[in-house]
Amino acid sequence: MRKDVRILLVGEPKVGKTSLIMSLVSEEFPTVVPYRAEEITIPADVTPERVPTHIVDYSEAEQTDEQLFQEISKANVICIVYSVNNKTSIEKVTSHWLPLINDNTDKDSRVPLILVGNKSDLVEHSSMETILPIMNQHSEIETCVECSAKNLKNISELFYYAQKAVLHPTGPLYCPEKKNMKLLCVKALTRIFKVSDLDNDGILNDNELNFFQRTSFNIPLESQALEDVKNVVRKNLSEGVRDNGLTLKGFLFLHTLFIQRGRHETTWTVLRRFGYDDDLELNQDYLFPPLKLPPDCTTELNHNAYLFLQSVFDKHDKDRDCALSPEEMKDLFDVFPYMPWGPDVHNTVCTNDQGWITYQGYLSQWTLTTYLDVQRCLEYMGYLGYSIVAEQESQAAGVTVTRDKKIDLQKKQTQRSVFRCNVFGDVGSGKSGFLQAFLGRNLMRQNTINKEQRSYYAISTTYVYGQEKYLLLHEVFPDFDYLSDDDLACDIVCLVYDASNPYSFEYCAKVFKQYFMDSKIPCMMIAAKSDLPEIKQIYGCTPLDFCRKHKMPPPQSFTCNTAAVPSKDIYTKLTTMAMYPHARLRCMCTCNRCTFCLCQNFLNSELLQTVRAKLYAVVLRRHVSKADLKSSTFWLRTSVGATVFAVLGFAMYRVLLKQR
C-alpha cells in the first residue's frame with residue numbers, strides 16, 4: 001500500500017480547479033481566487049484512508065507544457081475537471097486531456113483518472129448522460145463526480161474517490177469490458193481461498209469463513225450474517241454453496257460482486273492482508289521478513305513451525321497413507337507460483353516403495369531447506385500462509401537461530417537438532433551409496449535411481465540417547481585442490497574409502513591431513529564395500545594404524561549390498577560424535593578386543609547381571625529390617641556407599657580409556 005497519494009487537477013481555464021482546492025481547505029467558497037493554488041498536503045490523520053495526500057493545481061497561464069508533463073508523470077491520480085454548464089470543456093475531455101495524459105504516461109501502468117463535473121449549482125440537469133459513454137470507452141476512468149465548489153457539494157467525496165482510486169484501484173482487479181475479474185486477481189483470491197480452507201475439502205465452512213473474516217478484518221461474523229452472505233451467493237450462483245459451505249466459485253463471485261458495487265476496497269483489504277501488493281504480486285517484505293543470522297550459527301524450524309507443516313501435510317494426505325502421491329504433492333504446492341521441489345528431492349529424503357515422499361521425508365526436506373537456505377524457507381512458508389494460519393507476525397517466528405557453535409563446545413552441550421556431516425571420498429569410493437543407504441535403500445534399489453536426478457544431499461532422523469535428531473549428509477565433490485568454506489563447514493567429517501580398492505584410502509588420508517588434522521571437527525573413517533574382499537591399502541600405514549595415530553575411531557565397515565534395509569547404526573554413531581565432539585569418543589566398534597569393548601561386555605554379561613540381582617535380593621530381603629528402612633542413618637550410609645561406588649567406577653573407566 002502506498003505511503004502517500006499525489007492528486008493532480010487539470011482542465012480548461014475557468015472550470016473551477018483552484019476553487020475546488022480552496023473550498024476543501026477553507027470549507028467555504030473563496031471570494032478571491034488566484035490563478036493557481038500552491039501545492040497542499042493534507043495530514044494522514046485527517047484523511048479517511050489515513051494516508052498523507054498532496055493536492056497539486058495546474059494553471060495554463062502560469063505553467064508551461066513541460067511542467068505539466070512533469071506533474072502528470074509524478075501524479076498517482078489525475079482529476080480532469082470540466083464545467084457542467086460548458087459543453088466545450090466537456091468536449092475537451094476527450095479531444096485534448098485524455099490523449100495528452102495517455103501520451104505522457106506508461107501504457108503498462110495507467111494512472112487512474114477521475115472526471116469532475118464542477119459548477120453543478122448552475123444547472124438543474126446532470127451531465128452523466130454525456131459522460132457515461134466516455135467512461136465506457138476509457139477503462140482508466142475510475143468514476144465521475146459532480147460537485148459544486150460554491151455550495152461545497154461533494155467536495156470531500158471528490159478527494160476521497162481520488163484517494164480510493166490510488167489505494168484501491170479497480171484496474172488490477174476487474175475488466176469492465178468483459179465484466180469479470182482479471183486473471184491475476186482470480187489467481188490471488190484462489191490462493192487465499194486454499195489457505196483459508198483449513199481441511200482442504202474444497203469449501204469454506206462457518207468456522208473457516210469466520211477465520212477468514214477475523215484474519216482479513218479483525219472482526220468475526222455473526223451466524224445470521226454468515227447465512228445472509230451464503231444466501232446472496234445461492235441466489236445468484238447455483239454452484240456457489242455446497243454442503244452449507246462457500247465454494248471457490250462462490251468465493252470469487254462474492255468478490256466480483258464487491259467490485260461491481262464499488263466496494264473494491266473490501267477485496268483490496270483481503271489481498272493486502274494475505275501479502276499482496278498493488279500489482280497483485282506477493283510483497284517482498286511478506287515473503288522475506290528480516291531475520292538476523294550471526295556467523296557460526298545455524299537455522300532450524302521450531303515446534304510451532306513443525307506443527308504447521310504437519311497440518312499442511314495432513315490436510316493434503318487425502319488417502320491417509322502417510323505419503324504424498326504426485327497428485328497430492330501438486331495440490332499442496334498449488335498455492336506456489338512454481339514447483340519448489342525438483343525430482344532430486346526423491347533421492348534426498350525417505351520415500352515409500354512407490355517413490356512417494358513420506359511424512360518423515362516431507363519434514364526432512366523442510367528441515368534441509370531451513371538449514372541450507374533459510375530465506376528460501378521463509379518464502380515457501382509465506383506461500384503456504386504460515387503467518388496467517390499460525391497467527392504469527394511473520395514466517396521468521398517459525399525459525400530458531402541456534403547459538404554459536406563455539407559456545408556449545410565451551411558449555412559441552414547443545415540445543416541443536418540438525419547436524420551436518422560432510423562426506424569425502426575419491427571417485428568410486430561409495431559416497432553416493434553411503435548417502436542413499438541412510439534413506440533405507442540397499443544397492444539393488446539404488447541401481448534403479450535415475451542418474452540425472454541424483455542428489456548430493458541426504459537427510460533423515462536418528463535417535464541419540466532417546467532424542468530425535470536430524471543428520472544431514474552432504475557429498476563433497478572430490479576436488480582435493482579446491483574445497484570451499486561450505487565444504488569444510490560441518491559438525492562431523494566422514495571419510496569414505498573403498499576397502500576393495502588399494503588406492504582409495506590415500507585420498508581420505510590427504511584430505512584429513514590437509515584440512516582436518518588440526519581442527520576440532522570430529523572425523524570418522526568408513527571402509528565402504530565391506531562385502532567385497534578387503535585389499536591392503538597402498539599407503540604408508542594401514543587405515544587402523546592411521547586412525548590410532550590421529551586418535552580417531554577405528555575404520556567402520558559398511559556395505560549397502562544387503563538384502564534388507566541397510567543398518568542405521570553407523571549414522572547414529574556419526575550423530576553422537578557430532579553432538580558430543582568434546583567427548584572424544586575413541587571406540588565405536590564391536591571388535592571385542594579393545595578395553596572399551598571388554599568393559600562393555602563385562603558390564604552387560606549375564607554373570608554380572610545375576611550377581612547384581614542376587615546381591616540386591618540379599619541386601620533388601622534378608623539384612624534390612626523394617627526398622628532399618630525407617631532409620632535415617634541407614635539411608636545415609638546407603639547414599640554414601642552408592643556415591644563412593646559411582647566415583648570409583650567412573651575413575652576406573654577413565655583409567656582404562658587412557659591406557660588405550
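1. Arg-416 and Asp-491 form a salt bridge, with the closest N and O atoms 2.8 Å apart. This is a predicted model. Arg-416 sits in the loop between helix H17 (405-411) and S16, and Asp-491 in the loop between H20 and S19, so the pair ties together parts that are 75 residues apart in sequence. Both Arg-416 and Asp-491 are buried. The pair also belongs to a network: salt bridges that share partners join Arg-403, Lys-405, Asp-408, Arg-416 and Asp-491.

2. How many salt bridges does the structure hold? The count is 20. Two others are taken up below.

3. Arg-6 and Glu-71 meet through their side chains in a salt bridge, at 3.3 Å from N to O. Arg-6 belongs to strand S1 (residues 5-11) and Glu-71 to helix H2 (residues 65-74), so the bridge ties together parts 65 residues apart in sequence.

4. Lys-164 and Glu-265 make a salt bridge of 3.1 Å, N to O. The link spans distant parts of the chain: Lys-164 is in helix H5 (residues 155-167) and Glu-265 in helix H10, 101 residues apart. Lys-164 is buried, with a relative accessible area of 9%. Glu-265 has 21% relative accessibility and counts as partly exposed.

5. Helix H10 (residues 264-273) also meets helix H9 (residues 248-260): their axes come within 6 Å and cross at roughly 130°. H9 and H10 are therefore oblique to each other. On the H9 side, His-255, Phe-258 and Ile-259 make the contact; on the H10 side, His-264, Thr-266, Thr-267 and Val-270 do. By type, the contact residues are 3 nonpolar, 4 polar and no charged.

6. Helix H21 (residues 504-516) has 13 residues. From first C-alpha to last it reaches 18 Å, close to the 18 Å expected at 1.5 Å a residue. Which of its residues are buried? They are Ser-504, Phe-505, Tyr-507, Cys-508, Ala-509, Val-511, Phe-512 and Phe-516. An α-helix has 3.6 residues a turn, so residues three or four places apart point the same way.

7. What do the buried residues of H21 pack against? Their partners include three strands by name: S16 (418-425), S19 (492-498) and S20 (523-528). Helices H20 (485-488) and H22 (543-549) are partners too. S16, H20 and S19 also flank the loops of point 1, which hold Arg-416 and Asp-491.

Technical notes: Residues numbered from 1 in each chain as written. Predicted model: local features only at pLDDT ≥ 70, side-chain atom pairs only at ≥ 80, totals over all residues. Heavy atoms only, no water. Axes fitted to C-alpha atoms, helices over the stretch in contact; angles between N-to-C directions. Helix = DSSP H or I, 4+ residues; strand = E, 2+ residues; numbered from the N terminus. Parallel < 35°, antiparallel > 145°, perpendicular 65-115°, else oblique. Contact = heavy atoms within 4.5 Å. Nonpolar A, V, L, I, M, F, W, Y, C, P; charged D, E, K, R; others polar. Expected span 1.5 Å × (residues − 1). Buried < 20%, exposed > 50% of the residue type's maximum accessible area, 1.4 Å probe, protein only. Salt bridge = Lys/Arg side-chain N within 4 Å of Asp/Glu carboxyl O.
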